[in-house]
Amino acid sequence: MKKLLLTLSLFLVLASTVFSGVSEEENCKDIINFRTVDISVDSKANSLAAYQIDIRYDKDNVKVVGLEGGSNGFINPPFYDRAGLEGGRIIIAAFIDDDIHAKNGKTRVARLHLRTKGCSPYELKTKPMAAAKPGGKEISVDVEASFIDGQSENNRQ
């Protein structure tokens, strides 16, 4: 009899969880997490000496809480407007002051630290505004935002 009551109780608990009618989105709407995103620029065959990138995000669910530099000549944090930390849009920019550090190909230029609220995925829209090779001549680049905590969310422009 005790086994039957225990089994029945367990079944009722499981059934109430499954049939509660609460969606996954409802379950995670108030969850706060921290995510890290690498911003990379692919300058292809050109050496990258300077860039400016427009990054847009949902200001209600994403907040930029930190900004680091990248690799190669872009190890210092990029320049940015502090208003962008909470406004849904941040523009980052940097340049290399010694052309010997300008490399071609894909370079991680920045790392964003985000505070996220709610359910993933979180969308970051990246758009190159300007890029130049040593000497200041404008070049065409691709920009990518990659969540490095296992969440797959890439945007290329």
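Guide: One term to start: helices (H or I, at least four residues) and strands (E, at least two) are DSSP runs, numbered from the N terminus. Strand β1, for instance, covers residues 32-48, and Lys44 is found in it.
Visitor: What are the ground rules here?
Guide: This is a predicted model, where local features need pLDDT of at least 70 and side-chain atom pairs count only at pLDDT 80 or more, while totals for chains, interfaces and linings use all residues. Residues are numbered from 1 along each chain as its sequence is written, and side-chain values use heavy atoms, with hydrogens and water left out.
Visitor: What does the protein chain average in pLDDT?
Guide: pLDDT is the predictor's confidence in each residue, from 0 to 100. The chain averages 83, and 78% of the residues score at least 70.
Visitor: Where does pLDDT stay under 50?
Guide: Over residues 152-157. The model has 24 contacts beyond four places in sequence for them; contact means heavy atoms within 4.5 Å. Where pLDDT is low, the predicted coordinates should not be read in detail.
Visitor: Back to Lys44. What is its phi?
Guide: Near 55 degrees, a positive value in a residue other than glycine. Asn72 also has a positive phi near 55 degrees. Asn72 sits in the loop between β3 (62-69) and β4 (79-80).
Visitor: How accessible is Lys44, and how accessible is Asn72?
Guide: Lys44 has a relative accessible area of 42%, and Asn72 has 39%. Both count as partly exposed. That label lies between buried (under 20% relative accessible area) and exposed (over 50%), using a 1.4 Å probe and protein chains only.
Visitor: New topic. In what order do the four strands of the open sheet come?
Guide: The order is β4-β5-β2-β7, with antiparallel pairing. Two strands pair if DSSP finds at least two bridges between them. β4 and β7 are the edge strands, each pairing on one side only.
Visitor: How many bridges join β2 to β5?
Guide: Seven, between β2 (residues 50-57) and β5 (residues 89-95). Ala50 has Phe95 as its bridge partner in β5. Asp54 stands opposite Ile91 in β5.
Visitor: And over how many bridges do β2 and β7 pair?
Guide: Eight, with β7 covering residues 124-132. There, Ala50 stands opposite Ala132.
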